[in-house]
Amino acid sequence: VPMRAARAAGGRPEQEQWGVADAATELDGARLLLWQAAAGARDATAAAMARLQARIAAEAAVAAARRVLGGDGVAAGSVV
């Protein structure tokens with residue numbers, strides 16, 4: 001488990017928790033942008049910005065899962 005390894009190596013595993021919290025916050029922000037874009041369906045600029053933000057937030061969430069959980073976090077069949 002990477003968090004145990006970080007603690008054993010003298011690292012600070014709570015920093016990984018902050019990374020996961022940041023990723024969750026970014027996903028919530030992207031979700032809000034998508035809802036706003038859907039409400040004003042005629043605004044192509046808002047839709048494009050929402051799509052871009054959603055992609056960036058999703059990539060950050062996957063990267064956070066990889067950092068915290070290692071390869072097990074993104075393996076097929078994983079709960080994550």
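Ala 63 is partly exposed, with a relative accessible area of 29%. The cut-offs: buried is under 20% relative accessible area, exposed is over 50%, and partly exposed lies in between, with a 1.4 Å probe and protein chains only. This is a predicted model, where local features need pLDDT of at least 70, side-chain atom pairs count only at pLDDT 80 or more, and totals for chains, interfaces and linings use all residues. Residues are numbered from 1 along each chain as its sequence is written, and side-chain values use heavy atoms, with hydrogens and water left out.

Where does Ala 63 lie? In helix α3. A helix here is a DSSP run of H or I, at least four residues; a strand is a run of E, at least two; numbering starts from the N terminus. Across the chain, Val 20 sits 43 residues from Ala 63, yet their C-alpha atoms are separated by 9.2 Å.

Now α3 itself. It covers residues 44-69, 26 residues in total. The expected span is 1.5 Å times one less than the number of residues. Which residues of α3 are buried? Ala 50, Ala 57, Ala 64, Ala 65 and Val 68. After α3 comes Gly 70, with a positive phi near 70°.

Step back to the whole chain. It has three helices and zero strands, in the order α-α-α from the N terminus. Of its 80 residues, 16% are buried. Take contacts, meaning heavy atoms within 4.5 Å. Among those with a separation of 6 or more, 54% join residues 24 or more positions apart.
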